[in-house]
Amino acid sequence: MEILTSILGFLRDVFSEPALLMGLVAFVGLIALKSPGHKILTGTLGPILGYLMLSAGANVITTNLDPLGKMIEHGFNIKGVIPNNEAVVAVAQDILGVETMSILVLGLVINIIIARFTKYKYVFLTGHHSFFMACLLSAVLGASGLKGTLLVIIGGFLLGAWSAISPAIGQKYTLKVTDGDEIAMGHFGSLGYYLSAWVGSKVGNPKDSTENIKIAEKWGFLRNTTIATAITMIFFYLLSAIVAGPDFVSTLSGGKSPWVFAILAGLQFAVGVAVVYAGVRMILADLIPAFQGIATKIIPNAVPAVDCAVFFPYAQTAVIIGFVFSFIGGVIGMVILGLVGGVLIIPGLVPHFFCGATAGIYGNATGGRRGAIFGSFVNGLAITFLPALLLPVLGELGFANTTFGDFDFALLGIILGQTGNVLNMTGIIAIVIAILIALIVPSFFKTKSAALNNYDSQNHSS
């Protein structure tokens, strides 16, 4: 048992690291293409180093958002729950460690099987989100009465299936964002981005893109995304520092002047965004060509589903607009929850930055600047109300005062939790059967249609 746990722990660490997962995928693809050794080496290391660079930038952003959140809480005297994926996972690991690891490994295998044999050709490469989802599934399914092998099999199936289905749901929007690049959304905030794109399509025009905003020559420096981000965030930090007061800010600044601390935090945030962009460029430069080996030799027509930050360079102005208006949506959502007597969900700056920015990009792709504004605002409301509805489900499982912050986690957790609560194991099995039908039936008709077309073409040629 100890050896099995050790092996599962090793596999968990490998498969939950997107950098290693991307490197492994690139390696397999290059081998399939029969690339020479030096190209295999560089093509494998490129995505690994690119994702590590992206992660380093994301860590800088996250680190500098933490004091900003504390200043806002203190300055406006807000008390409540801040959605945080990592906090839930840390608790879940202590309770359901082996089950989570087993679901993660099985889910990745099932995702590949689905991509190979069904019409859902998406290979999910954001390993840490797979790990988070495995934690959610182990907790919610365990509360529904599932145990042992059955818990792992159903949890692994649900993880693998959603990893393939969620990119497919909004791929038509992703193609608008990327202008046809061969990647898909591999992030479990995806439904929020697709909702934003749908809202954008109803309120605006994609020709009125955020990236086409006309700026007077004297303000031309704002076209530099890093500088524009720095100025925007310095404003946020200084305003929050003023509201929180210098005495409180001094407790966060490590002895620095509160105002110098606020300015440096805004500048470091902008540097983090610039590093993310550089990492994304490095990932795409090597991953997409290498993935063609998998798409042609192993899983025909396979598409890599990648982290939301990979989409930031496609609409850099929409990133900031999305963050700001998602946060505004979160604040208004928090006020509404307070008025109706619900638990206050304090806007977490990390989910509102990464998910809000991505929602802004998707909204812009279908509705231009109005789409970016309204789409990200709706996303902000959604990632406030959904975590509030998930909180009672998690509280019953022993995860009091913490909740997931991203759209898909919250929605799936609510659906599975409430189904398990009302119908117990029977309801969960019914969901599994429904997903199986959704996977198999369209693929069967697609295969049958292809066979008929092939038969017709042979008859015509003869």
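Student: Is Cys355 buried or exposed, and what does the label rest on?

Tutor: Buried means under 20% relative accessible area, exposed over 50%, and partly exposed in between, with a 1.4 Å probe and protein chains only. Cys355 has a relative accessible area of 3%, so Cys355 is buried. The model is predicted: local features need pLDDT of at least 70, side-chain atom pairs count only at pLDDT 80 or more, and totals for chains, interfaces and linings use all residues. Residues are numbered from 1 along each chain as its sequence is written, and side-chain values use heavy atoms, with hydrogens and water left out.

Student: How many disulfides does the structure hold?

Tutor: A disulfide is a pair of cysteine sulfur atoms within 2.5 Å. The structure holds zero of them. Cys308 is in no disulfide, and its nearest cysteine sulfur, that of Cys355, is 5.9 Å away. From Cys355, the closest cysteine sulfur is in Cys308, and 5.9 Å is too far for a bond. Cys308 is buried, at 1% relative accessible area.

Student: Which residues is His187 in contact with?

Tutor: Contact means heavy atoms within 4.5 Å. Leaving aside neighbours within four places in sequence, the contacts of His187 include Cys308, Cys355, Phe124, Val306 and Asp408. His187 lies in the loop between S2 and helix H8 (190-203). Helices (H or I, at least four residues) and strands (E, at least two) are DSSP runs, numbered from the N terminus. His187 counts as buried, at 5% relative accessibility.

Student: What is the order of the strands in the open sheet?

Tutor: Two strands pair if DSSP finds at least two bridges between them. The open sheet of three strands runs S1-S3-S2, with parallel pairing. Strands S1 (122-124) and S2 (184-185) stand at the edges with a single partner strand each, so one side of each has no neighbour in the sheet. S1 and S3 (residues 303-306) pair over three bridges, and Val123 stands opposite Pro304 in S3.

Student: How are two packed helices described?

Tutor: By the angle between their axes and the distance between the axes. Axes are lines fitted to C-alpha atoms, for helices over the stretch in contact, and angles run from 0 to 180 degrees between N-to-C directions. Here the axes of H9 (residues 225-244) and H11 (residues 258-298) come within 8 Å and cross at roughly 145°. Among the residues making the contact are Met233 and Tyr237 of H9 and Phe269 and Val273 of H11.
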